[in-house]
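Please keep the sequence and the model in view while reading the points below.

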Amino acid sequence: MKTETAYTILYVAAITWMTLLMGVMLVRSVKGPGATNRLIAVNMSGTLVNGVILVLSGLLDERWLGDVALIYTMISFATVLILTRVTLQASAAKA
């Protein structure tokens, strides 16, 4: 087996595994027992999407996808901060 073939199999397996985990996180973000679990699921989904982008960067040998992953990370972080603030304000208003 050539090295390129082994790397391709590894990349495809990693993308498949992360895609399955994203499905689990999607279910948890909708079904989760509480707001905290939903926030963690949304954050984990963003992390998995970032991982898929980085693995695709290696698979396709496109280095610019690393820059896309960095930008996506910043957007995902800001989204989780905003969702956390909204959730805390909503819980404070109930109390």
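**Residue A69 and its setting**

A69 is part of helix 3, which covers residues 64-94; helices here are DSSP runs of H or I with at least four residues, numbered from the N terminus. The model is predicted, so local features need pLDDT of at least 70 and side-chain atom pairs count only at pLDDT 80 or more, while totals for chains, interfaces and linings use all residues. Residues are numbered from 1 along each chain as its sequence is written, and side-chain values use heavy atoms, with hydrogens and water left out.

- With a relative accessible area of 2%, A69 is buried; buried means under 20% relative accessible area, exposed means over 50%, and partly exposed lies in between, for a 1.4 Å probe and protein chains only.
- Apart from neighbours within four places in sequence, A69 is in contact with N50, I53 and L54, where contact means heavy atoms within 4.5 Å.
- A69 and R28 are separated by 41 residues in sequence and by 24 Å in space, C-alpha to C-alpha.

**Helix 2 against helix 3**

- Helix 2 (residues 35-60) packs with helix 3 at an angle of about 175 degrees, and their axes are 9 Å apart; axes are lines fitted to C-alpha atoms, for helices over the stretch in contact, and angles run from 0 to 180 degrees between N-to-C directions.
- The two helices, helix 2 and helix 3, are therefore roughly antiparallel to each other, a term for angles over 145 degrees.
- The residues of helix 2 that meet helix 3 include A35, L39, V42, N50, I53, L54 and L60, and their partners in helix 3 include L65, A69, Y72, V80 and T87.
- By class, the contact of helix 2 with helix 3 has 13 nonpolar, nine polar and no charged residues; Ala, Val, Leu, Ile, Met, Phe, Trp, Tyr, Cys and Pro count as nonpolar, Asp, Glu, Lys and Arg as charged, and the others, Gly among them, as polar.

**Spans and burial of the helices**

- Helix 1 (residues 3-31) has 29 residues and reaches 42 Å from its first C-alpha to its last, close to the 42 Å expected at 1.5 Å a residue; the expected span is 1.5 Å times one less than the number of residues.
- The buried residues of helix 1 are I15, M18, M25 and S29, and helix 2 is part of what covers them.
- Buried residues of helix 2 include L39, A41, G46, N50, I53 and S57, and their cover includes helix 1 and helix 3.
- In helix 3, L65, G66, A69, S76 and V80 are buried, with helix 2 included in what covers the buried residues of helix 3.

**Residue S29 in helix 1**

- S29 lies in helix 1 and is buried, with a relative accessible area of 19%.
- Not counting residues up to four places away in sequence, S29 touches R38, A41 and V42.

**The aromatic pair**

- The structure holds one aromatic pair.
- The rings of Y7 and Y11 have their centres 6.2 Å apart and their planes at 25 degrees, so the pair is stacked; rings of Phe, Tyr and Trp (its six-membered ring) pair if their centres lie within 6.5 Å, and planes under 30 degrees apart count as stacked, over 60 as edge-to-face and the rest as tilted.
- Both Y7 and Y11 belong to helix 1 and stand four residues apart, about one turn of the helix.
- Y7 is partly exposed at 46% relative accessibility, and Y11 is partly exposed at 22%.

**The loop between helix 2 and helix 3**

- D61 follows helix 2 and is found in the loop between helix 2 and helix 3.
- Phi of D61 is positive, near 55 degrees, in a residue other than glycine.
- Most residues other than glycine have a negative phi.
- At 52% relative accessibility, D61 counts as exposed.
- E62 also lies in the loop between helix 2 and helix 3, and E62 is partly exposed at 33% relative accessibility.
- E62 and A95 are 33 residues apart along the chain, and their C-alpha atoms are separated by 50 Å.

Key: Parallel < 35°, antiparallel > 145°, perpendicular 65-115°, else oblique.
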